[in-house]
Amino acid sequence: MSKDSFLLGRRFFSPTRKTIQIFFFIILLTIPLLFQSAWAVQKTLIWDRNNESDIAGYKIYYGVASRAYTTSIDVGNVTTYTLDLDPAQIYFIAVTAYDTSTPKNESGYSNEVRWPCLDTVDFDVDKKTDIAIYRVGAGEWFINPSSGGSPYGVGFGGDPSDIPIPGDYDGDGKTDIAIYRNGSWFIMPSSTGIPYGVGFGGDPSDIPIPGDYDGDGKTDIAIYRSSNGGWYIVPSSGATPYGIGWGGDPSDIPIPGDYDGDGKTDIAIYRSSNGGWYIVPSSGATPYGIGWGGDPSDIPVPGDYDGDGKTDIAIYRSSNGGWYIVPSSGATPYGVGWGGDPSDIPVPGDYDGDGKTDIAIYRSSNGDWYIVPSSGATPYGVGWGGDPSDIPLATNPALYN
């Protein structure tokens, strides 16, 4: 059993008669709940008590869509509460406060927490990774929805320098089509369909690394400048853009992920020259390093393979097709053989929607996807792609840049 405490953020909000300040912390306990068919985790919220004497209590609101809460719990006059959550589901959580008056005055919602921060390329909002490719030569996105909908294509891009950067930039739960072009971000939000552009980056060494760095449920614009090891981030919450130095070795590969399970993307690099993983937890915990990998053919493939809501350290060794995984839950590290063809590209994702990252490869020589469901279902293959310019869509553009 693991136990960690994380600061998620803060926001001032006003009820009818008073201003209340709430700070959110999260404690993550990973345990199996025997009465559920799948693994679940206990997510504990902790917030600071307001200093006004007439605060009567607090309410927790949560649901599966941003600001569309379906469940509320009056927890009384306490500042901590534990929820049992299914990691195969995405939750949005907020808290309000109310006073002793009749009728009660209740505050507005606090800042919203999204959990888990499991990256998927999910264009149809069924919480499963969709098989999809970006065809550089034509600027076309070809998407095969996991929900069973008709496959389709969308033209967006076409410049030879375009890098696909799918993400949920508008926070509606759907992956948006987006490309990075020499310092410009062009995004087509699924919520409106009206494309827009943002200038951020432009140095020849910049690598786009979108992620939810502020934990507001939206993908943030961010770049890693390999020439100086700088991370430059534009929070979608409207906070001031900022930079952090982390990396800089010529062999460093940016591998952002939610390694501490607090719902925010953490800054991290994989140093291929020595197989070191160097991670800066967004929770404020001490940065740390772990040695895992080091073979010249190793490719970092972080993901939540054990379904505990935290990104696991993992590498794909292209020289032998081996996947080597270190579960964040503390289970024994293990290896799985899957791939090995010189044209294989690792494309981990949650293809079966069980809240765990599945092992998968895209074989560029024939356009086939080969997937090992973590649910235990039979491994299978799907033909989707095959053009020499096809890029299989993954959550970390650094892996195919």
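**Close-up views of a predicted model**

**View 1. Asparagine 182 in the loop between strand 13 and strand 14.** Asparagine 182 is exposed, its relative accessible area being 56%, which lies over the 50% cut-off. In this predicted model, the residue sits between strand 13 (177-181) and strand 14 (184-188). Its phi is near 50 degrees, a positive value in a residue other than glycine. Most residues other than glycine have a negative phi.

**View 2. Lysine 127, a further residue with positive phi.** Lysine 127 is not a glycine, yet its phi is about 65 degrees. The loop that holds lysine 127 runs between strand 8 and strand 9 (131-135). With a relative accessibility of 23%, lysine 127 counts as partly exposed.

**View 3. The cis peptide bond from threonine 102 to proline 103.** Omega of this bond is near -5 degrees. Proline 103 belongs to the loop that links strand 7 (91-99) and strand 8 (113-115). Most peptide bonds are trans.

**View 4. The largest nonpolar core, made up of 15 residues.** Trp47, Tyr58, Ile60 and Ile93 have the most contacts inside this core. Two or more residues each come from strand 4 (55-63), strand 6 (80-85), strand 7 and strand 8. Another core, of 12 residues, lies apart from it and includes Tyr134, Val136, Ile143 and Leu393.

**View 5. The contacts of isoleucine 93.** Residues up to four places away in sequence are not counted here.

Terms used: Residues are numbered from 1 along each chain as its sequence is written. This is a predicted model: local features need pLDDT of at least 70, side-chain atom pairs count only at pLDDT 80 or more; totals for chains, interfaces and linings use all residues. Side-chain values use heavy atoms; hydrogens and water are left out. Helices (H or I, at least four residues) and strands (E, at least two) are DSSP runs, numbered from the N terminus. Buried means under 20% relative accessible area, exposed over 50%, partly exposed in between (1.4 Å probe, protein chains only). A nonpolar core is a set of buried Ala, Val, Leu, Ile, Met, Phe, Trp, Tyr and Cys residues joined through side-chain atoms within 4.5 Å. Contact means heavy atoms within 4.5 Å.
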